[in-house]
Amino acid sequence: MTTMESLIGLVNRIQRACTVLGDYGGGTGDNAFNSLWEALPTVAVVGGQSSGKSSVLESIVGRDFLPRGSGIVTRRPLVLQLHKTEEGTEEYAEFLHLSKNQFTDFALVRKEIQDETDRITGKSKQISPVPIHLSIFSPNVVNLTLVDLPGLTKVAVEGQPETIVEDIESMVRTYVDKPNCIILAISPANQDIATSDAIKLAKEVDPTGERTFGVLTKLDLMDKGTNALEVLEGRSYRLQHPWVGIVNRSQADINRNADMMLARRKEREYFDTSTDYGHLASKMGSEYLAKLLSKHLESVIRSRIPSILSLINKSIEELERELDRLGRPVAVDAGAQLYTILEMCRAFDKVFKEHLDGGRPGGDRIYGVFDNQLPAALKKLPFDRHLSLQSVKRIVSEADGYQPHLIAPEQGYRRLIEGALGYFRGPAEASVDAVHFVLKELVRKSIAETQELKRFPSLQVELAAAANTSLEKFREESKKSVIRLVEMESAYLTAEFFRKLPQETERPVITNSKNQTAASPSPATQDQYGDGHFRRIASNVSAYVSMVSDTLRNTIPKACVYCQVRQAKLALLNYFYSQISKREGKQLGELLDEDPALMGRRLECAQRLELYKKARDEIDAVAWVR
């Protein structure tokens with residue numbers, strides 16, 4: 001195979017793979033694949049109805065395989081990819097929608113094109129832009145990709161929508177507008193070239209004629225005494241590429257299914273023996289047209305190679321990044337599966353710690369519990385009610401029993417303080433619960449943000465359950481600790497605090513008119529059971545409770561952090577590890593049951609990556625060989 005054939009064959013294979021893997025043209029393809037397809041040159045066959053498009057394609061292929069008839073026969077684009085095979089190999093065709101079937105009977109190919117068209121459009125005269133993809137493998141073709149488009153028309157006939165003219169033209173333009181599209185403009189020789197629908201459209205989208213190849217069909221059907229030399233020699237309408245004349249099979253040959261190879265020989269004989277076209281015989285005919293297009297494709301491909309390679313390399317980088325994100329396939333042996341699970345646990349643990357330590361948001365909410373929620377809860381405790389005058393009188397009186405206190409009501413003090421300190425249990429437990437809630441939320445967020453875990457929903461559930469079990473254990477330990485802090489404050493009161501309180505004042509000495517001294521009644525004695533006495537008690541207790549509140553405000557966060565946050569950083573997954581170590585190979589495999597959609601996406605990415613790398617290597621191998 002020549003370098004040219006290798007290069008065009010490579011492009012053909014890339015285009016074919018793009019259709020298989022990217023579903024190009026069906027509306028669901030990958031954008032990168034569609035971009036690659038459009039970066040590769042194709043040949044669009046354009047012509048009016050009954051201009052001979054089908055005959056030209058069949059002549060190039062060397063097979064009778066296209067539906068025929070009057071009116072609009074081609075009602076969907078046919079993407080025809082020709083693949084040259086070794087001499088002596090059997091010819092066959094494959095449809096993209098029937099990729100496992102090989103057609104060696106080309107009459108069945110024609111029937112399948114008709115049936116597939118009807119599946120989308122129905123048995124009407126409607127058209128559809130959804131293409132049919134057909135590949136033909138034969139030693140009698142050159143490597144080409146051709147797109148057969150519905151014939152341009154001027155009026156709608158019965159059974160067609162009124163917009164059929166605009167619809168067909170719009171469909172054709174979607175192909176020929178692309179800068180990498182080569183336009184094969186088919187015009188019948190027995191009509192004035194000035195009225196050619198194909199030439200008119202080609203002139204609009206390619207005014208310089210750089211992408212247009214003019215093909216003149218039905219030369220043998222021209223009136224006697226006339227010829228098409230004005231057109232073929234470029235005098236009537238000049239293009240940058242030479243016009244090519246084609247002699248189609250006669251209707252009689254078509255009716256009796258005349259051999260296409262015989263039709264090619266008859267075409268060559270026509271030009272060789274023609275008095276009008278004999279001097280152009282070497283540049284006429286379907287075989288020459290195929291070689292001309294192939295040679296032009298080579299030059300176009302060579303000029304596009306840098307941009308194609310750039311697009312391929314960019315796509316390779318994107319696919320490798322996506323594969324890294326999706327993860328590599330999971331091994332089947334238990335040891336490798338366990339290693340994979342532990343690696344994902346480490347990835348999750350890293351994300352979780354980043355939340356706590358500030359690399360990711362969320363850990364600051366724990367500080368918010370200590371800096372906002374706990375102080376606010378302490379301020380709301382009902383100490384005013386507990387230390388009201390009536391409450392203090394009742395508690396002190398009950399503590400004294402049947403004997404009133406002499407100097408300071410110690411038992412009353414103790415009961416008032418112990419009762420007040422009991423209120424601290426609520427904020428202490430609430431702080432533990434608030435920290436627990438934040439940690440649970442961070443576990444959920446960390447699992448969602450761990451890319452490696454997204455592949456395995458069952459492992460996510462198991463990991464979340466085990467982590468939450470550990471957090472529950474930490475919460476219980478933390479609650480015990482903070483309650484112990486409160487109970488310690490109740491168990492031993494700080495005597496030094498009360499020693500520093502102002503003592504009852506000494507009784508003052510007064511002098512009478514006879515200069516005799518006498519002790520005045522003690523204010524303490526006078527007010528031993530007065531309101532002022534109980535208010536002083538309430539004030540002293542309040543001061544002590546306030547001191548304890550300040551202490552707990554600092555020690556409760558320490559206990560929560562030590563028992564919950566620190567333990568979560570050190571041992572969050574210990575319970576999970578203890579459970580996973582007991583699993584058998586089958587049970588490990590159940591944890592690694594990937595989402596089928598992710599498995600499918602990874603397979604697609606791997607196939608596309610393999611295609612791109614192979615294409616890049618092959619282009620490098622043949623692109624610059626002369």
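Is Cys181 buried or exposed, and what is its relative accessible area?

Analyst: Cys181 is buried, with a relative accessible area of 3%; buried means under 20% relative accessible area, exposed over 50%, and partly exposed in between, using a 1.4 Å probe and protein chains only. This is a predicted model, in which local features need pLDDT of at least 70 and side-chain atom pairs count only at pLDDT 80 or more, while totals for chains, interfaces and linings use all residues. Residues are numbered from 1 along each chain as its sequence is written, and side-chain values use heavy atoms, with hydrogens and water left out.

Cys345 is also buried, at 1%. A search of the whole structure finds zero disulfides, a disulfide being a pair of cysteine sulfur atoms within 2.5 Å.

The interior also holds nonpolar cores. A nonpolar core is a set of buried Ala, Val, Leu, Ile, Met, Phe, Trp, Tyr and Cys residues joined through side-chain atoms within 4.5 Å. The largest has 68 residues, and Phe424 and Phe576 are among those with the most contacts inside it. Helix α20, residues 531-571, gives the most to this core, with 14 residues; helices are DSSP runs (H or I, at least four residues) and strands likewise (E, at least two), numbered from the N terminus. A second, separate core of 38 residues includes Ile164 and Leu280.

Not counting residues up to four places away in sequence, Phe424 touches residues including Leu378, Val545 and Leu552, where contact means heavy atoms within 4.5 Å. In soluble globular proteins, nonpolar side chains tend to be buried together.
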